[in-house]
Amino acid sequence: MNVNGQTITVTLQVPRDVYDRASQTASRERRPLEDLLSRLLAEGLNVHGTVREVFEQVSAQYRARLRDEGKLSQSADGIMQELHELREKIADELYPG
Amino acid sequence: MNSIRDELISLDTNEFIFGLRKDVSRPACEILVFDKLSELRIHLPLQILLELQHNLTDEETRRVLLAVMKAKAVTWDYAPAPLELVRTWQQRGAKKGDAVIAAHLEIAQVSYFVSENRHFIAEITDLPFKVLTSEEAVQLIE
């Protein structure tokens, strides 16, 4: 195990068929195998976590993004208005006319 | 027996958004989504899925949907609501977007729709589903 900043390099053994499936999926998604395995591991942990744990993680990620975009302090009324406009826009696209 | 735990319930997009934002003006959204979801039978219609995708990144959407799968039961409706049903709801006074949601809920026989929009098709009285705020829903669940 090699610790480097925020990431840790782990060496592990997996069955050949698991490796083959992962390789094929990574190839199909045109992403490095390491990225795919890292994502699968995180998602696997989410499956075992509580709903709150999973939502807390997404919430932290979402709030950080909103903060970067300067939208975190948006008012509730402003959010409701945006969501209302989005609803009408999607409905217009799905049901033109 | 508390029927809200046993009947189909749909959460409006705003419940997820306010919950994820941890909006202090809507604390019940976080309680509902983060803590009560596993006790509910969730129905997610196409319109709500598309709205979530517009607000969240692919990664955020995937993780939210993974969390939703931890509900007591979950059904995903990827089919657009029938046009004639949407038109019927529009003729009854609903705006097009709300008419789409109402059509989805009616066809799936959803019993409860939770939304922070207190005006959600409020002009129509004989709805086939009950509209609740997150606060009301949490009280019913508890």
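This is a predicted model: local features need pLDDT of at least 70, side-chain atom pairs count only at pLDDT 80 or more; totals for chains, interfaces and linings use all residues.
**Entry 1, chain A.** I read the elements of chain A from the N terminus on, and they run β-β-α-α-α-α. That comes to 4 helices and 2 strands. Helices here are DSSP runs of H or I with at least four residues, strands are runs of E with at least two, and both are numbered from the N terminus. I looked up the radius of gyration of chain A: 20 Å, well over the 13 Å that the globule rule gives for 97 residues, so chain A is more spread out than a compact globule. The radius is taken over C-alpha atoms, and the rule is 2.2 Å times the number of residues to the power 0.38. Along its principal axes the C-alpha trace of chain A spans about 55 × 35 × 25 Å.

Residues are numbered from 1 along each chain as its sequence is written, while chains are lettered from A and ligands numbered from 1 in the order in which they are written.

I counted 8 helices and 5 strands in chain B. Their order from the N terminus on is α-β-α-α-β-α-α-β-α-α-β-β-α. A compact globule of 142 residues would have a radius of gyration near 14 Å, and chain B agrees with 14 Å. Its C-alpha trace spans about 35 × 35 × 30 Å along the principal axes.

I then checked burial. A residue is buried if 20 or more other C-beta atoms, placed from the backbone, lie within 10 Å of its own, exposed if 12 or fewer, and partly exposed in between. In chain B, 45% of the 142 residues count as buried; in chain A, 12% of the 97 residues do.

I take two residues as in contact if their C-beta atoms, placed from the backbone, lie within 7 Å. The contact between the chains takes 25 residues from chain A and 34 residues from chain B. On the side of chain A, the elements that give two or more residues are α2 (33–48), α3 (51–68) and α4. By class, that side has 15 nonpolar, 4 polar and 6 charged residues. Ala, Val, Leu, Ile, Met, Phe, Trp, Tyr, Cys and Pro count as nonpolar, Asp, Glu, Lys and Arg as charged, and the others, Gly among them, as polar.

Which residues of α4(A) are buried? I found A:I79, A:L83, A:R87, A:I90 and A:A91. The face turned away carries exposed residues, including A:D77, A:Q81 and A:E85.

I found B:V86 in helix α6 (residues 83–91) of chain B. B:V86 counts as buried because it has 24 C-beta neighbours inside 10 Å. B:V86 and B:V100 are 14 residues apart in sequence and 5.3 Å apart in space, C-alpha to C-alpha. Not counting residues up to four places away in sequence, B:V86 touches A:Y95, B:A81, B:A99, B:V100 and B:A103.
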